[in-house]
Amino acid sequence: DRTKHKHRGRRNRKTKIKNKKKDHCWICNNIGNIKIGNQNQLMRPDDSNLAGNVHGGIILKMIEEAGCIIGTRHCNVQNGDRCLAALVRVEKTEFLSPMFIGEVAHVTAEITFTSKHSLEVQVKVIGENVLTGAKKLASKAALWYVPCSLKNVEKIMEVPPIKYASAEQEEEGRKRYEAQKMERMETKARIEEAVAPPANPEQHTVGFSQSSLIHLVGPSDCTLHDYVHGGATMKLMDEVAGIVAARHCNTNIVTASVDAINFHRKIKKGCVLTVTGRLTFISNKSMEIEVMVDASSMVEAEMRKYRAVTAFFTYISLDKDNKPLPVPSLKIESEDEQRRFDEGKARYLQNKAKRLSNNQGQQ
Amino acid sequence: DRTKHKHRGRRNRKTKIKNKKKDHCWICNNIGNIKIGNQNQLMRPDDSNLAGNVHGGIILKMIEEAGCIIGTRHCNVQNGDRCLAALVRVEKTEFLSPMFIGEVAHVTAEITFTSKHSLEVQVKVIGENVLTGAKKLASKAALWYVPCSLKNVEKIMEVPPIKYASAEQEEEGRKRYEAQKMERMETKARIEEAVAPPANPEQHTVGFSQSSLIHLVGPSDCTLHDYVHGGATMKLMDEVAGIVAARHCNTNIVTASVDAINFHRKIKKGCVLTVTGRLTFISNKSMEIEVMVDASSMVEAEMRKYRAVTAFFTYISLDKDNKPLPVPSLKIESEDEQRRFDEGKARYLQNKAKRLSNNQGQQ
Amino acid sequence: DRTKHKHRGRRNRKTKIKNKKKDHCWICNNIGNIKIGNQNQLMRPDDSNLAGNVHGGIILKMIEEAGCIIGTRHCNVQNGDRCLAALVRVEKTEFLSPMFIGEVAHVTAEITFTSKHSLEVQVKVIGENVLTGAKKLASKAALWYVPCSLKNVEKIMEVPPIKYASAEQEEEGRKRYEAQKMERMETKARIEEAVAPPANPEQHTVGFSQSSLIHLVGPSDCTLHDYVHGGATMKLMDEVAGIVAARHCNTNIVTASVDAINFHRKIKKGCVLTVTGRLTFISNKSMEIEVMVDASSMVEAEMRKYRAVTAFFTYISLDKDNKPLPVPSLKIESEDEQRRFDEGKARYLQNKAKRLSNNQGQQ
């Protein structure tokens, strides 16, 4: 099931490309197909919580970095302006098994679909305990990128097509492309106000656990374009969501999944990010947390604060043996909270149904 | 006791500002008054010592970041050059209760006084144990900023005035302003030589524990101006002071307080900082450490090394139950050391007297 | 055995330099001679493995930073273009005793030889346990730098000569200079292919433990020139080598030494580094790992991937009491692997012989 690829539109190429190995792709600096293989990263103390569980945000950041590198490389094989692959969407991502400090994360990325102006990258993260040699699939993700010109960040370049292993594979990719396009159009940037919580909120209310952080965007958060890496934003979002979940449960909590995230607007260096998280829905053993990222300039008063990203994170609470614990129920105090709870419940039931049908489809 | 504020001098503003909520301040992106509320940050392993106590320098850095953001926002509401709030002074700051890894630091900041060219920000840090829900006041600080033009860092802009809740409040702010102005004028950049210690110093002498570190200023230390953030400097100062204290005591040590710090001169990207700490005074259960920050350029030989900041850090030594331990006394070996010891003792007694009178005033 | 130095060629110097202390070197901002003394750094959780051993890569990075600062300062004392000292070679470096989290690393650096266009810096790292006061020599290294003009990175500037304590000292320096020059000429950038391992490699084969990581070069990795710091590259190399060693042994492993490293080509900001490590040779209690650093641009398709650095790291496996453990032998599967094994064995025997003759010379 490995894909191969052609690279059209390279008429004026000056240097002669030799493929030293039969199926070595010089573009991707990799063997066999459009892949980043064998990317390894050691998980450190700062990457994890007190119980040693690696934060979901760290995994999302690794995934996005791999996607950005492979996407950018692929889009620069043909002539024309040099460009950077900018993240526009991450499909729903599940964290299948927890990773721990001292383990090695093994990241592989592959371009699995290209449209005229966008490309899909599928990324897999495998956690490896180097002391026992045990490996487990930690996460799988699908990300969509568009190539932005380095000269003019608003100019979207064309994506060189990949060659598919089969017509079916291409067709499946096209279906995923159409589905996400539809969803991105439907999902406008939700401008729900991040209202400040009351002064002395009661425990287990939405206001009690609502949290936000403020981050001044520095050079290490940014791409060559001086725009914030999608992965850096997702890491901050997961940080806030984790604080919300811990405040509600007072236990060890971990990210179970993130709903599809659309990156509506870019965030420039020098901006201040306000990242706010609040509980929307609680099932028996999970919490859904809505995270809103607002960007504003410290120095340009004319530039209004704007909503850059919204996403729903699902957290679970774990006991000492990493078994899920029941979650305290949520005290609803307003109509808005009830509406968000009902919307969260609908998402929860829809995901559950999807999981069930996927499982049956595989049997 | 919440302040309100007006924003004069905004004649040519192009965009129309609507306050969606009655007391929402669009400038501060916050509700109610000029505040940064609910800034939350999770304390990580790298933020703390082996006993899990968060370094005072990490808390100072968080405080300064909040102050810089709120100050810069406030100063850019009116027309004219865009500017950045540059830290010029931090009032004496006490670390009231220790914070630990895994706790969430909750930072709130408020502009409490404005003069024509400077503003005062008061910042509060609350430590929250998310497992027990317990909260305690970790630190309170008052910082003074001046707005420097982004076009010309030497040009100080005007600060838009805030509106006070009462005439008394404004009057108290003015007193604090006059007091710090006087002190900043009196305190010249002390140019005490940071003499290298002797080759084989005896234990418990000043030379034995004297320590210094060298830091090459990189992009992540700097503001949009490419000058070092005050918070980054304070973090380095606390690192050196902590090494001095640990070398003297050979125990677990924590920052108890920092005397008022004046930032005499700016430090530019590409500079090398030499941060030196040495013991000046020791009471029964505390150590005073003088920390000197010298900046120099690696590449401009004409630019002499200059003293950028000086401050006195007070450390205490803790046993396994976080109770203060007696500190070994200091062996004085020179007249300079004796003079510094006497000066430190005067500061110690003055602070003690001030604490007593404050306590009596509150009764 | 302290060196003194003269600084010629400073005809047009504008500012008057006063040496306040008799033997204070204003150039090096230090007392006595061309040194960086008392550089102290606290070792943090992220700097070390699960057993608390500080990674060799962290120590190499500290060493290189000290060398870069002292080298750059020295080369900018005379008139002409301002320049930065760029690392071209690190001599074989041994890690003599392990360092642990919470210890303080004490780094001293000294310029020990200058040729017309290069200089040698010797750096010593002492590990100090601040709780017991115990100190031990953690590592000693010798680094070679050349001064690159800040205006034109390809222009190598002249190095101001140092003054030696004795003619013998200068002569010994010249011998080291000639020896490394010879070796750098002989060692071409080895372009051994980093072939991807087979799909399901058997345990204890070369393919089984082969690992690589991909790193997008960001601003915090770079010098004022926007080229990658040698220390940042060595830290990445040690990270990969550590993963290879742990995968082969499934135990706690530490860096024992690094063979001489030549930095063949510079690496610019915005590049992608692919760092690959594979086992070459195994003795009874040590593993030799070849690490290859390939740089490529994400955006310039014409710029072929190139080999920037190659080095051999030697790791040992430790039990719970930090005693060396036997290492599983290596299953050789190809002629190339056998050739590399034999070359590694030759290096191993040569080093052993050199150690023996050094020991005898000292007796």
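User: Which residues does Ser139(A) touch, not counting residues up to four places away in sequence?

Analyst: Ser139(A) is part of strand E8 (residues 135-149) of chain A, where strands (E, at least two residues) and helices (H or I, at least four) are DSSP runs numbered from the N terminus. Contact here means heavy atoms within 4.5 Å. With residues up to four places away in sequence set aside, Ser139(A) touches Ile59(A), Ile63(A), Thr93(A), Glu94(A), Phe95(A), Leu96(A), Val123(A), Lys124(A) and Val125(A).

User: Before we go on, what pLDDT do side-chain atom pairs need in this predicted model?

Analyst: Some housekeeping: residues are numbered from 1 along each chain as its sequence is written, chains are lettered from A and ligands numbered from 1 in the order in which they are written, and side-chain values use heavy atoms, with hydrogens and water left out. The model is predicted, so local features need pLDDT of at least 70, totals for chains, interfaces and linings use all residues, and side-chain atom pairs count only at pLDDT 80 or more.

User: Is Ser139(A) buried or exposed?

Analyst: Take the cut-offs: buried means under 20% relative accessible area, exposed over 50%, and partly exposed in between (1.4 Å probe, protein chains only). Ser139(A) has 0% relative accessibility, so it counts as buried.

User: Which backbone oxygen does the side chain of Ser139(A) reach?

Analyst: A polar contact is a pair of N or O atoms within 3.5 Å; within protein, one must be able to donate a hydrogen and the other to accept it, and residues adjacent in sequence count only if both atoms are side-chain atoms. For the side chain of Ser139(A), the distance is 3.0 Å, and the backbone oxygen belongs to Glu94(A).

User: What is the largest C-alpha distance in the "active site" cluster?

Analyst: UniProt, in an unreviewed entry, places the feature "active site" at Asn49(A) and Asp238(A). Its positions are given in the numbering used here, with feature names shortened, and annotations may be inferred rather than shown by experiment. The residues are spread over 190 residues of sequence but cluster in space, with a largest C-alpha distance of 12.2 Å.

User: Which residues is Asn49(A) in contact with, leaving aside its neighbours within four places in sequence?

Analyst: Asn49(A) sits in the loop between strand E3 (35-42) and helix H1 (56-75) of chain A. Its relative accessibility is 16%, so Asn49(A) counts as buried. Apart from its neighbours within four places in sequence, Asn49(A) is in contact with His55(A), Asn252(A), Ile253(A) and Val254(A).

User: How many Å from a polar atom of the side chain of Asp238(A) is the backbone nitrogen of Gly56(A)?

Analyst: Asp238(A) belongs to helix H4 (residues 230-249) of chain A and is buried at 3% relative accessibility. Not counting residues up to four places away in sequence, Asp238(A) touches His55(A), Gly56(A), Gly57(A), Thr255(A), Phe313(A) and Tyr315(A). From the backbone nitrogen of Gly56(A) to a polar atom of the Asp238(A) side chain, the distance is 3.4 Å.

User: How much area do domain 1 and domain 2 of chain A bury between them?

Analyst: Domain bounds come from an automatic or database domain assignment, and chain A is split into domain 1 (24-184) and domain 2 (197-362). The contact takes 29 residues from domain 1 of chain A and 27 residues from domain 2 of chain A. Buried area is the accessible area (1.4 Å probe) that two parts lose on being put together, summed over both. Carbon and sulfur atoms carry 61% of the area between these domains, and the total is about 2400 Å².

User: Which three residues of chain B supply 20% of the area that chain B buries against chain C?

Analyst: Here 32 residues from chain B meet 39 residues from chain C. The area buried between chain B and chain C is about 3300 Å², with 58% from carbon and sulfur atoms. Supplying 20% of chain B's share, more than any other three residues, are Ile214(B), Met298(B) and Val299(B).

User: What percentage of the contact residues of chain A recur in chain C?

Analyst: Chain A superposes on chain C by a rotation of 120° with 0.0 Å of shift along its axis (RMSD 0.0 Å), fitted by least squares on the C-alpha atoms of residues with pLDDT of at least 70 in both. That is the relation of a three-fold axis. The copies use different surfaces, and the recurring part is 8%.

User: Near what value is phi of Asp226(C)?

Analyst: Asp226(C) is in the loop between strand E9 (211-216) and helix H4 (230-249) of chain C. At 30% relative accessibility, Asp226(C) is partly exposed. Its phi is positive in a residue other than glycine, near 65°.
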